Amino acid sequence: KDSLIIGDFNIDMHKDSSRESQLLEDSTLAFGLYPLISTYTHEKPGCRKTCIDNIFTNDPESTHLSGTLKLHISHHLAIFLTTDSITHNASKASKLIQYYDYCNSNVENFKNELSNELS
């Protein structure tokens, strides 16, 4: 089975010496999951750029492209991947857990960005 774990882990994978980053890396590798994002994913004015969002997969060879997109909606960059296994298995049932922050500023930023893209 192909597996993907995607999310904001709030653990900076660029801090090699951090106990949390080492634990996350050891845990995911122990389950045969490999990170696809190696660049920064979070930038906040006045702060160091961090890699706290990631995509972990047990089949990195099937990934054609992965990366980040700067959408200017939040301090986080969007993360993405393209792979054959998602399109080939789209009809199979998947377990998806999502969380959204619908605060007014996020909704307004999203509407503005969408309006700009559609103009």
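**Figure 1. Leu 4 is bridged to Thr 57 of strand 3.** The model shown here and in the other views is predicted. Leu 4 belongs to strand 1, which pairs with strand 3 (residues 53-57) in the antiparallel sense through 5 bridges. With a relative accessible area of 37%, Leu 4 is partly exposed, because values between 20% and 50% fall in that class. Leu 4 and Pro 35 are 31 residues apart along the chain, and their C-alpha atoms are separated by 9.8 Å.

**Figure 2. The largest nonpolar core has 10 residues.** Its members are Ile 11, Met 13, Leu 24, Leu 33, Leu 36, Ile 37, Cys 51, Ile 55, Phe 56 and Leu 81. In soluble globular proteins, nonpolar side chains tend to be buried together. Neighbours within four places in sequence aside, the contacts of Ile 55 include Leu 4, Tyr 34, Pro 35, Ile 79 and Phe 80. Leu 36, Ile 37 and Leu 81 are also among the residues that Ile 55 contacts.

**Figure 3. Ser 21 is a buried residue of helix 1 (residues 19-30).** Ser 21 counts as buried because its relative accessibility is 3%, and the cut-off for buried is under 20%. A polar atom of the Ser 21 side chain lies 2.4 Å from the backbone oxygen of Lys 15. Not counting residues up to four places away in sequence, Ser 21 touches Ile 11, Asp 12, Met 13, Lys 15 and Asp 16.

**Figure 4. Asp 12 and Arg 48 form a salt bridge.** The closest N and O atoms of this pair are 2.7 Å apart. Asp 12 is buried, at 8% relative accessible area, whereas Arg 48 is partly exposed, at 47%.

**Figure 5. Glu 43, Lys 49 and Lys 70 are linked in a network of salt bridges.** Glu 43 meets Lys 70 with the closest N and O atoms 2.7 Å apart. Lys 70 is in the loop between strand 4 (63-69) and strand 5 (78-83), while Glu 43 is in the loop between strand 2 and strand 3, 27 residues apart. The salt bridge between the side chains of Glu 43 and Lys 49 has an N to O distance of 3.9 Å. Lys 49 is partly exposed, at 41% relative accessibility, and Lys 70 is partly exposed, at 45%. The structure holds 3 salt bridges.

Notes: Residues numbered from 1 in each chain as written. Predicted model: local features only at pLDDT ≥ 70, side-chain atom pairs only at ≥ 80, totals over all residues. Heavy atoms only, no water. Core = buried A, V, L, I, M, F, W, Y, C linked by side-chain atoms within 4.5 Å. Buried < 20%, exposed > 50% of the residue type's maximum accessible area, 1.4 Å probe, protein only. Contact = heavy atoms within 4.5 Å. Pairing = 2+ DSSP bridges. Helix = DSSP H or I, 4+ residues; strand = E, 2+ residues; numbered from the N terminus. Polar contact = N/O pair within 3.5 Å; in protein donor to acceptor, adjacent residues only side chain to side chain. Salt bridge = Lys/Arg side-chain N within 4 Å of Asp/Glu carboxyl O.
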